Amino acid sequence: AAAAAAAPPPGVVGPVHPIFERLKTGACRTDDNNKGNYAESWAKSFSACHDICLYEAACTGFEHTKAGILLKESRCKVLYGPILTTLPVAGASCYKKAA
């Protein structure tokens, strides 16, 4: 049986590929405390961030933070290390890619 798609964060239109598991709301934290084991880009939509990770073999997950109070533009982090947990951050969503 096919895995059910993870729910997108509030306000996002479109499905999330079943390879991704949405972790608790917040910023992703990797085994190196995010000290450089990621690629960061700005003004990317949730869907663009999702697709970058989906098609990049080395990607272990992604974090998308909506523009708002904390950020002028949305932020996309494509992660390359094991995602261990999340850190509560308003507007951030963390998705872990299945191994």
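**Cross-links and salt bridges**

Tutor: Let's start with a handedness: the link of Cys-53 and Cys-59 is left-handed, with -90 degrees about the S-S bond. Before going on, this is a predicted model, where local features need pLDDT of at least 70 and side-chain atom pairs count only at pLDDT 80 or more, while totals for chains, interfaces and linings use all residues. Residues are numbered from 1 along each chain as its sequence is written, and side-chain values use heavy atoms, with hydrogens and water left out.

Student: OK, and what's a disulfide again?

Tutor: A disulfide is a covalent bond between the sulfur atoms of two cysteines. Here a pair of cysteine sulfur atoms within 2.5 Å counts as one.

Student: How many disulfides does the count come to?

Tutor: Three. In Cys-53 and Cys-59 the sulfur atoms are 1.9 Å apart.

Student: Are those two cysteines buried or exposed?

Tutor: Buried, which means under 20% relative accessible area; exposed is over 50%, and partly exposed is in between (1.4 Å probe, protein chains only). Cys-53 has a relative accessible area of 0%, and Cys-59 has 3%.

Student: What about Cys-28, who's its partner?

Tutor: Cys-28 pairs with Cys-94, and their sulfur atoms are 2.0 Å apart. The torsion about that S-S bond is about 115 degrees, so this disulfide is right-handed. Cys-28 sits in strand S2 (residues 27-30) and Cys-94 in strand S7 (residues 92-97), so the pair ties together parts that are 66 residues apart in sequence.

Student: How do you decide what's a strand?

Tutor: Strands (E, at least two residues) and helices (H or I, at least four) are DSSP runs, numbered from the N terminus.

Student: Got it. How accessible are Cys-28 and Cys-94?

Tutor: Cys-28 is buried at 0% relative accessibility, and Cys-94 is buried with 0% too.

Student: And which cysteine does Cys-49 bond to?

Tutor: Cys-76, with the sulfur atoms 2.1 Å apart. That link is right-handed, with 85 degrees about the S-S bond. Cys-49 lies in helix H1 and Cys-76 in strand S5, so parts that are 27 residues apart in sequence are tied together.

Student: What's the pairing if I number the bonded cysteines in sequence order?

Tutor: Then the pairing is 1-6, 2-5, 3-4.

Student: How buried are they?

Tutor: Arg-75 counts as buried at 18% relative accessibility, and Glu-63 is buried with 1%. Glu-40 counts as partly exposed at 38%. Salt bridges that share partners join Glu-40, Glu-63 and Arg-75 into one network.

Student: Last one: what's up with the phi of Ala-43?

Tutor: Ala-43 has a positive phi of about 60 degrees although it isn't a glycine. Most residues other than glycine have a negative phi. You'll find Ala-43 in the loop between strand S3 (38-42) and helix H1 (46-55).

Technical notes:
Salt bridge = Lys/Arg side-chain N within 4 Å of Asp/Glu carboxyl O.
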